[in-house]
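Keep the sequence and the 3D view open as you read.

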Amino acid sequence: MLTNSIPNDLYWVIKDTYAASRILNFSTGSPFIQIDYSHKVFTIIETPNGFIWNKMLRAFVQVNRFHDSILLYKSMLNNSFLCIDNYTHPILIHGCCLGLLSFEGREIHGHAVKKGFDGDVYVANNLINMYSVCGHVYDARKVFDVSPQLDLVSWNSMLAGYVQSGNVHEAKYLYARMPKRNVIASNSMIVLLGKSGRVSEACQLFNEMSDKDLVSWTALISCYEQNLMYEEALDLFSTMSKNGIRLDEVTIVAVLPACSHLSSLRIGELVHGLVLKIGLETYVNLQNALIHVYSTCGDVSGAQRLFDTGCFLDLISWNSMISGYVKCGLVEKARELFDSMPEKDVVSWSSMISGYAQFDKFSKALELFHCMLREDVKPDETTLVSVLSACTHLAALDQGKWLDAYIRKNGMKVNIILGTTLINMYMKCGSVENAMDIFNGMEERGVSSYNALILGLAMNGHIEKSLSVFEEMKKYKVEPRV
């Protein structure tokens with residue numbers, strides 16, 4: 001029987017390579033045996049062959065011990081019986097991809113070239129994927145262009161790289177050149193076209209596809225939802241159901257936001273019924289999406305029932321329920337749930353703080369914010385906007401100045417929303433000079449920031465300066481709002 005350690009007082013050597021490979025294969029494949037034990041087994045094999053080395057490399061990658069796989073590879077290079085083959089580098093490159101280790105990935109790429117494996121299509125495909133995932137799509141394209149062999153995986157991997165980077169032009173060019181397009185490539189293009197707002201092109205491509213799978217339908221539903229075409233998303237989902245196309249949790253999660261945006265509780269309930277009918281209710285992502293639909297549509301009791309009967313609850317489940325209570329004006333109910341959370345993240349704190357600010361409980365918003373800081377939770381933009389709004393309504397200038405200093409100290413970017421809120425706070429508290437400093441320091445300004453400055457200046461008696469800023473706004477072609 002295998003244990004979790006090899007006795008230290010004995011020096012074991014496994015001389016039978018075949019037996020060693022069988023033992024290591026069993027050890028690395030068992031969920032009950034630790035990777036360090038497998039490595040100990042590996043170290044007592046007298047003459048490990050290429051299969052054994054690769055098996056150990058892959059075992060480290062599978063448990064996310066990417067640096068250990070690289071260290072093992074380095075010892076492999078120093079081995080007098082060099083066992084590197086065309087499977088070795090792909091394992092390491094895949095590990096670099098999973099760990100986003102682009103520097104190490106380049107080193108492995110260099111070794112593959114030196115050892116003459118760069119022409120292997122399996123090596124090339126892994127390199128294309130690694131560079132793309134690590135954000136170096138230009139390097140992925142260089143590998144693609146010089147590869148002597150390209151298969152369907154090569155083309156799909158390169159296309160996926162352009163999709164991930166949002167490069168519509170190159171993706172369309174590559175897609176048009178593909179010697180054989182499969183459904184994976186077409187689905188990738190629909191996703192990219194949807195994200196870039198080219199809905200008509202995505203629809204045309206979808207309609208031209210001779211073979212569509214579930215991902216194709218889901219991609220177009222997401223395309224509609226991302227581009228605020230909620231009715232179209234629901235219509236397409238209905239067509240899927242009527243045509244008897246098998247649904248999964250990803251498709252339903254994609255369509256549920258449309259129900260929320262349209263405040264269509266009836267359709268949300270129908271989708272929920274479908275979820276129960278096909279037995280998908282245990283998926284936590286689906287459960288969270290349904291909680292959001294019920295609470296957004298005003299049926300907080302329905303959301304609560306889902307929350308109470310959920311088989312699995314995660315942080316998103318709790319945050320969704322808190323947001324649901326806040327949306328329905330049940331702030332104290334939200335606080336009860338917030339206080340009973342097993343763990344909280346910045347979204348939990350922000351939801352509760354913004355709930356207090358939204359319903360004029362400004363003192364409680366500030367109090368909870370200080371609790372958040374004591375818990376060493378770093379606020380995000382949403383939190384700071386809510387707390388600054390509370391300072392504005394309470395005319396708490398000292399607290400507002402402290403928040404301004406906190407933003408500067410932590411190097412947070414003052415965007416239009418945060419900048420406008422700071423300007424409002426300073427103007428309401430009569431600190432015109434500070435408000436002007438914020439406005440002048442903003443990298444980008446919009447209608448809201450100009451309006452905040454103009455109204456603030458007028459409110460504090462600087463009518464002439466207010467008119468001057470108004471003229472400046474027109475000069476820069478920022479449309480004024482009455």
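Predicted model: local features only at pLDDT ≥ 70, side-chain atom pairs only at ≥ 80, totals over all residues.

Which residues of α10 are buried? In this helix, which runs over residues 168-177, they are V168, A171, L174 and Y175. Their arc around the axis is only 135 degrees, so they sit on the same side of α10. An α-helix has 3.6 residues a turn, so residues three or four places apart point the same way. The partners of this buried set come from four helices: α8 (137-146), α9 (152-165), α11 (183-195) and α12 (199-208).

One of the neighbouring helices to visit is α9, because α10 packs its buried residues against α9 among others, and a buried residue must have under 20% relative accessible area. L159 is located in α9. With a relative accessible area of 0%, L159 is buried.

What does L159 touch, leaving out residues up to four places away in sequence? The list is A171, L174, Y175, M178, A185, S188 and M189. Among these, A171, L174 and Y175 also belong to the buried set of α10. For M178 there is a distance as well: its C-alpha atom is 9.7 Å from that of L159, and the two are 19 residues apart along the chain.

The loop between α8 and α9 holds L150. Is L150 buried, exposed or partly exposed? It is partly exposed, at a relative accessible area of 35%.

Setting aside residues up to four places away in sequence, L150 touches V121, F144 and W155. V121 and L150 are 29 residues apart in sequence, while their C-alpha atoms are 6.4 Å apart in space.

## The buried side of α2

Helix α2 covers residues 35-43, and its buried residues are I35, Y37, S38, V41 and F42. These residues span an arc of only 160 degrees around the axis, which places them on the same side of α2.

Which helices do the buried residues of α2 pack against? They are α1 (17-29), α3 (50-62) and α4 (66-77).

## Two loop residues with positive phi

N64 lies in the loop between α3 and α4. Although N64 is not a glycine, it has a positive phi of about 65 degrees. N64 counts as exposed, because its relative accessibility is 53% and the exposed class begins over 50%.

L228 is found in another loop, the one between α13 (214-226) and α14 (230-242). L228 is not a glycine either, and has a positive phi of about 65 degrees. Its relative accessible area of 59% makes L228 exposed.

## Where α17 meets α18

Helix α17 (residues 284-296) and helix α18 (residues 300-309) have axes that come within 7 Å and cross at roughly 160 degrees. That angle makes α17 roughly antiparallel to α18, since angles over 145 degrees are classed that way. The crossing of α17 and α18 is left-handed. On the α17 side the contact is made by Q287, L290, I291, Y294 and S295, and on the α18 side by V300, G302, A303, L306 and F307. By class, the residues of this contact are seven nonpolar, three polar and no charged.

N288 is another residue of α17. Is N288 buried or exposed? N288 counts as buried, at 5% relative accessibility. Apart from residues up to four places away in sequence, N288 touches D314, I316, S317 and S320.

## Where α24 meets α25

The axes of helix α24 (residues 397-409) and helix α25 (residues 416-428) come within 10 Å, crossing at roughly 150 degrees. How do α24 and α25 run, roughly parallel or roughly antiparallel? They are roughly antiparallel to each other, and their crossing is left-handed.

From α24, the residues L397, G400, K401, D404 and I407 meet L418, L422, M425 and Y426 of α25. The contact of α24 with α25 has six nonpolar, one polar and two charged residues.

Conventions:
Residues numbered from 1 in each chain as written. Heavy atoms only, no water. Axes fitted to C-alpha atoms, helices over the stretch in contact; angles between N-to-C directions. Parallel < 35°, antiparallel > 145°, perpendicular 65-115°, else oblique. Left-handed = near helix turned anticlockwise from the far one by under 90°. Contact = heavy atoms within 4.5 Å. Nonpolar A, V, L, I, M, F, W, Y, C, P; charged D, E, K, R; others polar. Buried < 20%, exposed > 50% of the residue type's maximum accessible area, 1.4 Å probe, protein only. Arc of directions from axis to C-beta.
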